[in-house]
2 protein chains.
Amino acid sequence: MRKRATARAVAEMAGVSKWTVIRAFTPGASIAPASRDKVLEAARNLNYSPNLLARSLATNLTREIAVFIDDFANPHKLPFLERLTSAAQAEGLVVMLININIHFDHVHALINADQRQVDAVVLFGTSFRDETLRDKRLGPGFPKLFVLARDSQIKDVPAINCDTELAMREICEYLDAKGYRRPAFMAGPRALSTALGRRRCFRDYWSRKGSPDLVEIQAERYSAQAGADAMRQFLTTASPKTRVDLIMCENDILACGAKTVICNEFGLSVPDDIGIVGFDNIELSADPAYGLTTYEQPIDEMVRATIDMILGRRSRQSVNFPGRFVPRSSA
Amino acid sequence: MRKRATARAVAEMAGVSKWTVIRAFTPGASIAPASRDKVLEAARNLNYSPNLLARSLATNLTREIAVFIDDFANPHKLPFLERLTSAAQAEGLVVMLININIHFDHVHALINADQRQVDAVVLFGTSFRDETLRDKRLGPGFPKLFVLARDSQIKDVPAINCDTELAMREICEYLDAKGYRRPAFMAGPRALSTALGRRRCFRDYWSRKGSPDLVEIQAERYSAQAGADAMRQFLTTASPKTRVDLIMCENDILACGAKTVICNEFGLSVPDDIGIVGFDNIELSADPAYGLTTYEQPIDEMVRATIDMILGRRSRQSVNFPGRFVPRSSA
DNA sequence: TTGTATGCGTTATCAA
DNA sequence: TTGATAACGCATACAA
């Protein structure tokens, strides 16, 4: 197996210095057309292309971004990853997908990303407390952090998110007009951030309306299974006084699981007995089997803003983008 | 913003040469415990950790693997990515997620991965023809290729896959015993590889059984929507003589879409009027709304084998692992 | 065990 | 426009 060709080899073949070779591959460098052609031909012959690793070492720029993710159960992650990788690649960036779990926690992952000299770290749908960043091992010159699709309590870390207040207001006004009066909220395992945001906005609306205390249902994970379990648990044990006419779920995947239990296991009708609403507008929600009323996040705008901040084309500060309400048959 | 500490700075503080510092961070290097301690303490003080980029340049090993993926519609990709990133990280590898699309095709992506000096490229559920590799720009010393979750027609490129023949035999014998006699196959857009494999095995079984020519239904993408469209099209236009009693779908996401149309739009009963079978066992298939009879791929074994081959702990040759038949109510 | 010289393949800067 | 020198931060081989 022959070794890869280097600038030096190309230089020899073209009869120039290796710096001239570099120039031929540097947009905007000053080089004579004649020698440029010579170099490019030699490069083609030797099958040469610049070693990006060496370039990164010299420029202190890898054009790699680490994307941290800790939840692979929600299919909603997929369209996000699709847009994110696509937008990154269009800018010559590449996405390192980092799985945050018990064996590889945030601190671990941050140190590793730092060692690999990534240009930025995107916390996608995951977050941690301020203290984590105070770990002594996370020194200066640390890669820039961003929180995507989630609110951030972290100082100096911008969050790029869907406008939760706007979304929940739109949803609530719709539900209110439809006549729902005894709403419940099904939340996932997250105590903080977006989870909190959606729940808080929802609760605030109904308490302003003079509704009784919000009934809360807790799911253990963000998955259809967990949504189903939580729903079953609730319908089995809830006392008549906590009877509800609507379940607002933190996201679609919980809502799908919940709806199945409501209809198939308890023989109730959606939306006649209980209305149900999700969030995210995953592909399945459009399926008539679910017909889920939901809210679509503005993925493209969010991704665009994230990339722009990473590239320094946009100021590093939190933004919320308005999404789109998608009424269907479930509420 | 101070600069990152280097081995050189640590050496000065510890009063040793920088090579001794390197040794302190090289497992199995010969170094006196005393100087090791000195170095490690200085390193802690300066918040030093080795620059993996520089290391990669020197060792010619990045411990990065590129994972090519061209389909983000199928939720089945998510558990695979979860296992893959997790297993990779456990071995000190990191996954670069590369989105293959019209703007960034296989050749493009291969050249870029090569320039970034990745240790391996995993074609995950995507593939290309032999000719692609004959592109003159793809020279010697090219990163090692692997095809995951798909068969490969590419020479010298091992494919790690679920045992399709075994799976389809098990499925077919079950269906046969259940009394199905007029099966159809719904395929996705792929003309090659696994798609072909599942269809071929299915067709072969029924033709051996003396069944009429296999009815084929074509979906345009791998998504619930596409499965629904294909199903609607078929049920609307099929002549009575092509009446079928079973739809074997290439995967679950197509099956889910198809089932919805069968039940909700045509008022047919599953499995009484038409049975339906999928492949992959995505989370939703377990949902009673679908209750899909399906087949689960041995993700863990497949991922393990892939990583082992990349690390040279297993010989680079194609393997098929048996999965698990999951009978439910849909057939 | 430790220090020295050299190399990895680029980029940055300066001199010619 | 071109060539030369130095630097990026680490690893390898060898000598002390």
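This is a predicted model: local features need pLDDT of at least 70, side-chain atom pairs count only at pLDDT 80 or more; totals for chains, interfaces and linings use all residues.
Guide: Strand 1 (residues 64-69) of chain A runs parallel to strand 3 of chain A, and four bridges join the two.

Visitor: Which residue of strand 3 of chain A is the bridge partner of Phe68(A)?
Guide: Strand 1 and strand 3 of chain A are joined by bridges, in the parallel sense. Look across from Phe68(A) into strand 3 of chain A, and the partner you find is Leu123(A).

Visitor: How many bridges pair strand 3 of chain A with strand 4 of chain A?
Guide: One of the pairs here is Ala120(A) with Lys144(A), which sits in strand 4 of chain A. Strand 4 covers residues 144-148 of chain A, and its pairing with strand 3 is parallel, with a bridge count of five.

Visitor: Is strand 3 of chain A largely enclosed or open?
Guide: Ala120(A), Val122(A) and Phe124(A) point one way from the strand, while Val121(A) and Leu123(A) point the other way, and all are buried. That makes five of the five residues in strand 3 (residues 120-124) of chain A buried, so the rest of the structure leaves this strand largely enclosed.

Visitor: How far apart are the centres of domain 2 and domain 3 of chain A?
Guide: The domain assignment gives chain A domain 1 (7-59), domain 2 (64-161 + 299-321) and domain 3 (164-296). Domains 2 and 3 of chain A touch, through 10 residues from domain 2 and 12 residues from domain 3. On the domain 2 side of that contact there are two nonpolar, five polar and three charged residues. Taken over C-alpha atoms, the centres of these two domains are separated by 29 Å.

Visitor: Which element of chain B gives the largest share of the side that touches chain A?
Guide: The contact takes 53 residues from chain B and 54 residues from chain A. Several elements of chain B give two or more residues to this side, including helix 4 (52-59), strand 2 (94-99) and helix 10 (252-265). The largest share is nine residues, and it comes from helix 5 of chain B.

Visitor: Which helix gives the most to the surface near DNA strand C?
Guide: Of the 23 residues around DNA strand C, the closest include Ala7(A), Asn51(A) and Ser30(B). Helix 2 and helix 4 of both chain A and chain B each supply at least two residues of this surface. With five residues, the top contributor is helix 4 of chain A.

Visitor: And where does the largest share of the surface near DNA strand D come from?
Guide: Among the residues that come nearest to DNA strand D are Ser30(A), Ala7(B) and Asn51(B). By class, this surface has 13 nonpolar, eight polar and two charged residues. Its largest share, five residues, comes from helix 4 of chain B.

Terms used: Residues are numbered from 1 along each chain as its sequence is written. Chains are lettered from A and ligands numbered from 1 in the order in which they are written. Two residues are in contact if their C-beta atoms, placed from the backbone, lie within 7 Å. A residue is near a molecule or strand if its C-beta atom, placed from the backbone, lies within 6 Å of it. Ala, Val, Leu, Ile, Met, Phe, Trp, Tyr, Cys and Pro count as nonpolar, Asp, Glu, Lys and Arg as charged, and the others, Gly among them, as polar. Domain bounds come from an automatic or database domain assignment. A residue is buried if 20 or more other C-beta atoms lie within 10 Å of its own, exposed if 12 or fewer, and partly exposed in between; C-beta atoms are placed from the backbone. Two strands pair if DSSP finds at least two bridges between them.
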